[in-house]
Structures are given as structure tokens and as C-alpha cells.
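Here is my note on the model, point by point. Please read it with the structure open.

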Amino acid sequence: MAVEMEKLVSLCKRRGFLFQSSEIYGGLNGFWDYGPLGVELKRNVKEAWWRDMVTTHDDLSVLPGAPSAYEMTGLDSTIIMHPQVWKCSGHYDLFHDFMVDCRQTRKRYRYDQVRGRWVKLGERRIFVTTVAEASDEQAEVERKALKFFKLRPKQADELVWESDFIALPEVDDLSQVLAPDATELGTLTEPREFNLMFKTYVGALSGEEGAAFLRPETAQGIFVNFKNVLDSTRVKIPFGIAQIGKSFRNEITPRYFTFRSREFEQMEIEFFCHPSTSSDWYRYWRDRRMQWYQQLGLAGERLRLREHAPDELSHYSRGTADIEYAFPFLPAGEFGELEGIAHRGDFDLRSHMEGKLDEKSNPLVVQLDEHGKPKYRGSGKDLTYRDEATGERFIPHVIEPSAGADRATLAFLCEAYREDTAPDDKGVMQTRTVLSLHPRLAPIKAAVFPLVKKDGMPEVAKDIYRALKKRYNVFYDEKGAVGRRYRRQDEAGTPYCITVDGQTLIDNTVTIRDRDSLEQVRVKVDDVVEEVVQRIEQ
Ligand code: GAP
């Protein structure tokens with residue numbers, strides 16, 4: 001059963017996972033802060049990705065499904081780069097959404113996200129809209145139509161609905177459109193392009209000379225460093241360069257908690273390979289990335305892999321798949337993107353080498369200047385690769401698994417949240433809220449409690465706490481009834497609680513309680529660290 005979003009949002013605030021940015025000043029739409037528990041959770045998501053994809057990657061073996069062995073390396077490039085990067089990548093000209101403004105309410109909407117239906121009352125015919133992703137679109141437009149025509153709910157039968165829901169771009173005449181929050185007709189402007197990159201100015205130059213952009217993706221930092229990585233390491237194709245870092249997009253309509261934010265983190269790999277093997281590598285990465293989410297707990301039906309249809313693909317791409325999750329805030333049956341895995345051919349390296357050339361090499365980006373010359377010149381640097389064994393020189397193909405750290409964190413939270421019943425310390429069944437996070441992701445790995453604050457129990461518990469603290473983020477708590485302490489940890493997603501009790505003073509054992517099964521086993525004090533390590537790293 002899907003978690004009710006309000007409950008999760010409230011837990012995130014109450015327990016310090018997520019706060020609205022600048023909340024004391026009323027917040028800033030599209031920006032989120034991670035609190036003490038949230039920062040640990042998100043760090044663990046990124047750490048799991050980095051370890052699994054990069055540092056513990058076995059480059060000596062051929063992994064299941066892989067065409068051959070391969071190497072992985074990392075990078076940390078800057079957020080602000082040379083403006084030419086974005087011209088050659090296509091972001092400067094093409095990274096935009098269309099928006100419409102409402103003259104009455106001064107609200108701005110993404111053009112393709114305004115949806116509605118034609119409705120008639122007598123001779124009067126209007127197009128009533130709502131924003132896409134509204135939970136009950138029909139109820140919403142009906143309410144608005146009734147209000148517009150000054151009818152009561154019981155007169156709803158008088159409305160004649162003429163079309164199914166269609167998106168605003170399918171409507172030619174905006175004069176009969178009732179904007180999502182307006183009370184008058186025809187208040188929407190014609191659609192306008194809106195580039196999603198945040199602009200800033202570098203140094204003391206405030207004019208266009210100093211204009212630069214906050215990166216909208218980490219990927220370009222990898223492409224422009226391709227040659228540096230090759231020249232400074234002994235990596236050979238096939239290999240991947242991974243990067244985790246902040247990206248910024250001035251989204252027109254940020255929404256759904258952290259799902260669509262204006263500042264977020266990406267975890268991206270650019271995997272370079274020979275063109276003849278790129279389709280095999282595409283399939284390998286698609287499946288490998290899907291398994292990663294499954295292994296960390298998104299194992300159910302709410303996760304799916306969706307291969308793009310040929311007409312959805314960019315002209316240079318031989319395949320793109322999205323890993324999607326049925327986030328509970330989406331309408332029933334809809335999925336939201338967690339990660340895209342794209343076969344990008346040689347598009348990016350070629351663009352940074354040669355610039356945007358002509359219609360033929362890049363039909364979607366016609367970027368010739370008025371003299372028929374390339375509009376943007378590339379770096380002019382040689383970004384080809386020479387295979388030492390065969391002597392062949394080629395522009396490598398790229399497979400790009402591109403994930404969002406915030407979306408992954410949100411999906412893990414949604415999947416982990418549940419409510420069940422468990423006995424309190426008096427054996428009475430109580431409802432408890434649990435975050436069943438994978439132990440690798442849990443912000444606190446273990447909590448240590450003395451049953452009571454006397455008889456030497458706190459001293460033993462503190463020793464266990466200190467020993468565990470050397471490896472993990474652990475928590476010590478001696479306040480209140482032990483049942484309440486357990487429940488606080490269940491809510492925080494702590495997989496193990498270790499309790500020092502009367503028996504400890506007799507046989508030097510403690511209990512370890514499992515968050516999910518509620519099973520408690522006794523373990524010798526000297527074996528506690530080993531036991532916790534084994535359980536977390538199993
Ligand atoms: N380099 C390719 C690229 O950036 P993308 O599909 O635009 O592709 C990749 O972004 C991932 O980044 C998405 O699957 C999503 O997880 C995350 N992402 C993109 N825009 C986001 C936003 N506004 N808020 C949060 N995460 C976002």
C-alpha cells in the first residue's frame with residue numbers, strides 16, 4: 001500500500017529529514033534543506049552509488065551481463081564552466097520549456113502542463129483548465145466550470161462536456177480559455193520560451209561578457225575532462241567516469257516535495273566504449289542500474305524500467321530507458337523518472353570537438369550562422385581515442401546512466417514508510433510508524449539503550465556505543481520508557497536497537513532488536529560490534 005504523502009511529509013519535518021529552504025522567511029519554492037537525519041540518508045544513497053559503481057568496482061572480472069571487463073574512475077568538476085560548454089552541448093539554445101503567464105493572477109505555468117476540457121452551457125463554450133498532475137482533474141474542472149457559470153453543484157448536469165482532457169498546446173484560441181487559477185476568460189499569454197539555466201556573472205564584469213550559467217547537469221563536466229582523464233591515468237576503453245554533484249534548473253513549476261526542485265544533486269556516469277559494442281553496453285547499464293535500486297529496497301511493483309519508443313528518442317540515440325517509480329503523490333497508475341539511461345552515440349564528444357555543425361550531423365540543432373558556417377565552434381581539441389592494440393582512432397560512443405540523488409532518496413523514503421502494530425514495553429499492542437530503510441541507507445545504524453539509568457547499565461551501554469561509533473553513526477538514549485525509545489528509532493529507520501538490561505550484569509549479554517521482524521536475540525557484549533557489522537554489510 002502506498003504511503004499517504006502528507007504523513008511522510010510530516011514525518012520528514014518532525015524527525016528532521018527535510019525542511020523547506022529559508023523556512024523562517026516563508027520558504028523559497030523549489031529549494032529544500034536536508035536536516036540531521038536527511039543529510040545522513042542522502043549521504044548514504046550517494047555513498048552506496050559511489051562505492052557500488054566506482055570504488056568497489058571489480059575491473060579485473062567480466063561482470064554478469066557485461067560485454068567485457070571495464071574500468072571506472074571519478075571526477076569532481078565545477079558548477080560554473082566556460083559558457084561555450086553550454087553552447088556546444090545544446091543547452092544554450094535548446095534547454096527550455098514553454099511557459100504561459102496569467103494576466104489576472106500573475107501566475108506562470110508550463111505550457112504543456114495546463115490541461116483541460118471544452119464545456120458548453122447553452123450557447124457558451126469555454127475551455128476549463130487545471131494543472132496536470134492534479135489528483136482529481138475532473139472534480140477540479142467541474143468545480144471551476146460551475147463557479148464560472150454561477151451554477152450550484154446540483155446543476156452539474158446542465159454542463160455539456162465536449163472533449164476529453166487535452167493539453168493547452170492543442171488549443172488554438174486562447175481567448176476562450178479559463179486559466180487554472182483565473183475567474184475570467186482569455187487571461188493567458190501566448191507561450192514563450194523559457195531557458196531553464198540559471199544565469200550569473202563571473203568577476204566584476206556585469207555585462208554579457210561576464211555572463212555564465214550554473215550547470216543544469218553534471219554530465220558536461222565529464223565530457224570536457226575526457227582528454228584530461230585519459231592523459232592523466234592509464235584507463236583504456238571501455239571505461240566510465242562518474243560524478244556526483246549539484247545541478248540547477250530554473251523549473252517553471254517545482255513541485256512534489258523534492259521531486260522537481262530547482263537545486264538538486266545528480267549521480268551521473270559517462271561510459272566510453274567502441275561504437276561496435278555500444279548497444280551491448282547500453283543494455284548492460286540499463287539492467288545494472290535497475291538492479292541497484294532493487295538491491296537497496298525498491299524491489300516491488302512500484303519500480304519499473306521503461307524503454308523509450310523509437311519516436312521518443314533523440315536523433316543520435318540508439319536507445320534510452322527510464323527507471324521509474326510510482327511515487328505516491330502521482331495520480332494512480334503514473335510513474336515518475338528516477339534515472340535515465342541513454343545511448344548518446346558520439347554526439348557529445350563530437351560537439352565539444354567540432355561544435356554544432358550542420359543539419360545533417362545534427363538535424364535537431366540547426367546552428368549555422370548567416371554565412372552558413374557553424375554557429376558555435378567547438379574546442380577544436382582532439383577528443384578522439386586511439387586504440388593502442390589495433391591502431392584504430394575513433395570518437396568513442398557514450399552510454400549515460402543519469403540518476404537524481406534527491407529523487408532516489410525520496411523514493412527510498414516512500415517505499416520504506418509503513419505503519420504496523422507492535423507490543424509496547426507492557427505488552428500492549430500499539431500502532432507504530434516504521435521506516436524500513438535498507439541498513440546501508442539508514443541514517444542511524446544502531447541505537448544503544450540502558451534499560452534503566454542505574455546498576456551500572458549506562459556504563460556498559462556507553463562502552464558499546466563508543467565501540468560502534470568508530471564505524472557507524474550510532475545513537476545513545478537513556479531517557480524515557482524503552483518502548484518509546486524503540487518507537488523513536490523505528491520512525492528514524494534505525495535497523496538495530498541494542499539494550500543493556502539486568503541479564504547483562506549476570507552473563508554479559510545484551511539484546512539486539514531487529515526493526516522489521518521485531519525479533520530480539522541475546523549476544524555477548526564482546527560480539528556486539530561484529531554482529532552489527534555482519535548484519536549491515538550482509
Ligand atoms: N545528463 C542527462 C540528464 O541530466 P535528465 O533526465 O534531465 O538527464 C537526470 O536528469 C536525472 O536528474 C533525472 O532522472 C532526475 O532523477 C534528476 N533530475 C532532473 N531534474 C530534476 C529536478 N528538477 N529535481 C530533482 N531531480 C531532477
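1. Between which helix and which strand does the loop with Pro-238 lie? The loop runs between helix H7 (226-232) and strand S14 (239-248). Helices (H or I, at least four residues) and strands (E, at least two) are DSSP runs, numbered from the N terminus. The peptide bond from Ile-237 to Pro-238 is cis, with omega near 5 degrees.

2. A word on the basis. This is a predicted model, where local features need pLDDT of at least 70 and side-chain atom pairs count only at pLDDT 80 or more, while totals for chains, interfaces and linings use all residues. Residues are numbered from 1 along each chain as its sequence is written, and side-chain values use heavy atoms, with hydrogens and water left out.

3. Ser-22 sits between strand S1 (18-20) and strand S2 (32-34). Its phi is near 50 degrees, a positive value in a residue other than glycine.

4. Look at the polar contacts (pairs of N or O atoms within 3.5 Å). Arg-249 places a polar side-chain atom 2.8 Å from a ligand oxygen atom. A polar side-chain atom of Glu-251 is 2.9 Å from a ligand nitrogen atom. Gly-404 uses a backbone N or O atom, 3.1 Å from an oxygen atom of the ligand. The protein covers 88% of the 550 Å² of accessible area that the ligand has on its own, by the Shrake-Rupley method with a 1.4 Å probe.

5. The domains come from an automatic or database assignment. They are domain 1 (71-92 + 197-412), domain 2 (98-194) and domain 3 (444-537). The C-alpha centres of domain 2 and domain 3 lie 57 Å apart.

Methods:
A polar contact is a pair of N or O atoms within 3.5 Å; within protein, one must be able to donate a hydrogen and the other to accept it, and residues adjacent in sequence count only if both atoms are side-chain atoms.
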